[in-house]
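This report describes aromatic residues and their surroundings in a protein chain. The sequence and structure are shown first.

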Amino acid sequence: MAKLLNEIKASVELSDGDAVFTLRKPTNEELNNFLAKRYEVSRKGKDVRDNSLQSRVELFDQLLVKVENLEDGNGQPITTADKAQIPANWKADIIFKSFEDNEITIKN
């Protein structure tokens with residue numbers, strides 16, 4: 001039987017090991033808000049503002065519950081309280097691959 005998981009683990013491969021991030025599963029409302037905020041269309045519909053990077057970073061910060069195997073430059077472990085130190089491009093890539101770039105197979 002298939003199960004819906006409450007957490008998602010994502011790893012970033014580094015030269016000296018993998019940093020592991022645990023994210024809680026977003027609610028449907030959180031996911032819908034995130035998807036809606038990524039791109040802003042002007043009132044006349046001619047211009048589109050790309051807010052996707054910032055929206056992905058915000059969602060990552062909102063969902064992060066655990067950081068493993070990651071230290072700062074002084075050898076101190078990075079925790080969820082230190083999430084500002086985690087590079088924005090890592091956060092954005094994790095959110096993109098976890099929630100936007102996944103395919104499902106539908107069987108009829």
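Tyrosine 39 belongs to strand β3, residues 39-41 (strands are DSSP runs of E with at least two residues, helices runs of H or I with at least four, numbered from the N terminus).

Together, Tyr39, Val41 and Val48 make a nonpolar surface patch of about 290 Å². Patch residues have over 30% relative accessible area and no salt bridge, and nonpolar side chains are joined within 5 Å; a salt bridge places a side-chain nitrogen of Lys or Arg within 4 Å of a carboxyl oxygen of Asp or Glu. Areas come from the Shrake-Rupley method with a 1.4 Å probe.

The model is predicted: local features need pLDDT of at least 70 and side-chain atom pairs 80 or more, while totals for chains, interfaces and linings use all residues. Residues are numbered from 1 along each chain as its sequence is written, and side-chain values use heavy atoms, without hydrogens and water.

## Aromatic pairs

The count comes to two aromatic pairs (ring centres of Phe, Tyr and Trp, the last by its six-membered ring, within 6.5 Å; planes under 30 degrees apart are stacked, over 60 edge-to-face, the rest tilted). Phenylalanine 21 and phenylalanine 60 have ring centres 5.7 Å apart and planes at 70°, so the pair is edge-to-face. Because phenylalanine 21 lies in strand β2 (residues 17-24) and phenylalanine 60 in helix α2 (residues 52-63), this pair ties together parts 39 residues apart in sequence.

How values were computed. Patch = residues over 30% accessible without salt bridge, like charges linked within 9 Å, V, L, I, M, F, W, Y side chains within 5 Å.
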